[in-house]
Amino acid sequence: MKILFAASEIYPLIKTGGLADVAGALPVALRKKGHDVKLIMPAYQGILEKVAPIQKRINLGNPFGVGDLLLLESHIPANDTPIWLLQCQALYEREDGPYVDKRGVDFADNHIRFAALSWAAATLAANGSLIDWQADILHLNDWQTGFAAAYLESWKTEHIPVVTTVHNLRYNGSFDMDQFPATHLSPELLSMHGMEFYGRFSGLKAGLVYADAVTTVSPTYAQEILTPEYGDGLDGTLRAMQDKLSGILNGVDYDQWSPEKDTLIPHRYNQNSLDQKRLNKLALLKENNLSEDVEQPLFGVISRLTEQKGLDLILEAMPAMLEKGARLIVLGSGDKNLESGYLELQKNYPDQVSVRIGYFEDYSHRIQAGIDALLIPSRFEPCGLTQLYALKYGTLPVVRKTGGLADTVFEEGNRQNGFVFKEASVHSLQEAMERCIACFYDQQSWQERQKNAMSYDYSWEAVTDQWIDLYQTLLSK
Ligand code: ADP
Ligand code: GLC
């Protein structure tokens, strides 16, 4: 099959969260199974230096009146995956991140930036002769590419099947109606059953409504989003389309994330050499000038600092745990209040808490290898990848039972690999951390859980067939 895979971030070219990991790995896994996948993403500033030399340039004209849209054909060097980069200086060449400026404020023209990306994806999907490659399936991801489904709908051409994957329903890509004309979409689409969303228009809703199949990144989240609590205003829309909705769990790229192969950590290890993990812990404690007692538990956080991730709960829960001798390493960035809250905690417990604000891919590997337990008290979690990475590193996750966390971390039964609590409260988190600490002091049962955790297979290879089945079902309709 030929699959055109559209995303706003793709590892290793650009990454702000799990979407990039998925967009960087699922296409590779599909290619390994013999399918022909091409990616499309904006040529953000600095991207062209990270890809192979450009092989072809196609001018798509100036449909948005902001300058010509150029499609540049290249490959991702690490895995040779073909990629089309959409170049437009006015839209994408900025020093900041892909979505927000330095102050963390959304770019004012995001509706045009991602309408243009979506338009380009739809154009290639509708008219393969432009690139001598006709896709069989168009696979969209999140709101930034959701408009593509709307373009295909409004062009009323015979179109290929569209799959939209929801990585996070919270970001619905909705904009004021007075910005709609700039997308050049037909106003016919602005009904309640179309892409209208509480008096605004939404890229995500377009992706949901006009797709042939909608997936989310875990089975539990696929159920949760049908309820008002998790539906973010889209639960009604989703309930009405349940027959085309399913959940397929994300996988892990174990070439990147495995303690046996990881060249970014000081000491490599596997289930049979857990003493090496202790050396990673010691190195991590040293690196952060924390007290070097390896016999005491070391917790970690690697996360976007947002309400979603429940990090306010950790801030409150932590002092009591620190008084008991635990330590904490935090890597994250986002919400300014949370950033200063964690820096304050570090100031109050300089020997026990280390906080690094920012985005550091290499450091995140050293943390996964060095900590004992990873805290993920998310209020909602479509899938979550950090707990999957943690499991492979014999780092036990402490998670709230929601979304993909509920599908992958178990405290009871015969697959015990972490610690799980239900209620999003400081008290429930503390209880789970206490169970975790008690288990840590009983090294025999701790190591049993570690070995359980490390023996799981959450590879992409294990789930790729579910994607292939879905695509094939759509093609046979
Ligand atoms: P989300 O996509 O909601 O942020 P995931 O758990 O799916 O959550 O994916 C997060 C990804 O981003 C993981 O690869 C994680 O290691 C990485 N990550 C998050 N914050 C940071 C950070 N500050 N520095 C480095 N990597 C980070
Ligand atoms: C989103 C979700 C996260 C998921 C990731 C990749 O950012 O918040 O739970 O793992 O997408 O699908």
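The legends below describe close-up views of a predicted model.

**View 1. The residues around ligand 2.** The shell around ligand 2 holds 14 residues, of which His167, Asn250, Glu381, Cys383 and Gly384 come nearest. Helix α1, which spans residues 18-32, supplies three residues, the largest share of the shell around ligand 2.

**View 2. Polar atoms facing the oxygen atoms of ligand 2.** A polar side-chain atom of His167 is placed 2.6 Å from an oxygen atom of ligand 2, and a polar side-chain atom of Gln308 is placed 3.1 Å from an oxygen atom of the ligand. Gly384 takes part through its backbone, with an N or O atom that lies 2.8 Å from an oxygen atom of ligand 2. On its own, ligand 2 has 310 Å² of accessible area, and the protein covers 93% of this.

**View 3. Ligand 2 and the two domains.** Ligand 2 lies between domain 1, made of residues 2-251 and 461-476, and domain 2, made of residues 275-457, because both domains give residues to the shell around the ligand.

**View 4. Lys309 and its surroundings.** Lys309 sits in the loop that runs between strand β13 (298-305) and helix α10 (311-323). The relative accessible area of Lys309 is 13%, which is under the 20% limit, and Lys309 is therefore counted as buried. When neighbours within four places in sequence are left aside, Lys309 is in contact with Ser303, Arg304, Pro377, Ser378, Arg379 and Glu381; Glu381 is also one of the residues that come nearest to ligand 2.

Methods. Residues numbered from 1 in each chain as written. Chains lettered and ligands numbered in written order. Predicted model: local features only at pLDDT ≥ 70, side-chain atom pairs only at ≥ 80, totals over all residues. Heavy atoms only, no water. Near = heavy atom within 4 Å. Polar contact = N/O pair within 3.5 Å; in protein donor to acceptor, adjacent residues only side chain to side chain. Areas by Shrake-Rupley, 256 points an atom, 1.4 Å probe, with all protein chains shown as cover. Helix = DSSP H or I, 4+ residues; strand = E, 2+ residues; numbered from the N terminus. Domains from an automatic or database assignment. Buried < 20%, exposed > 50% of the residue type's maximum accessible area, 1.4 Å probe, protein only. Contact = heavy atoms within 4.5 Å.
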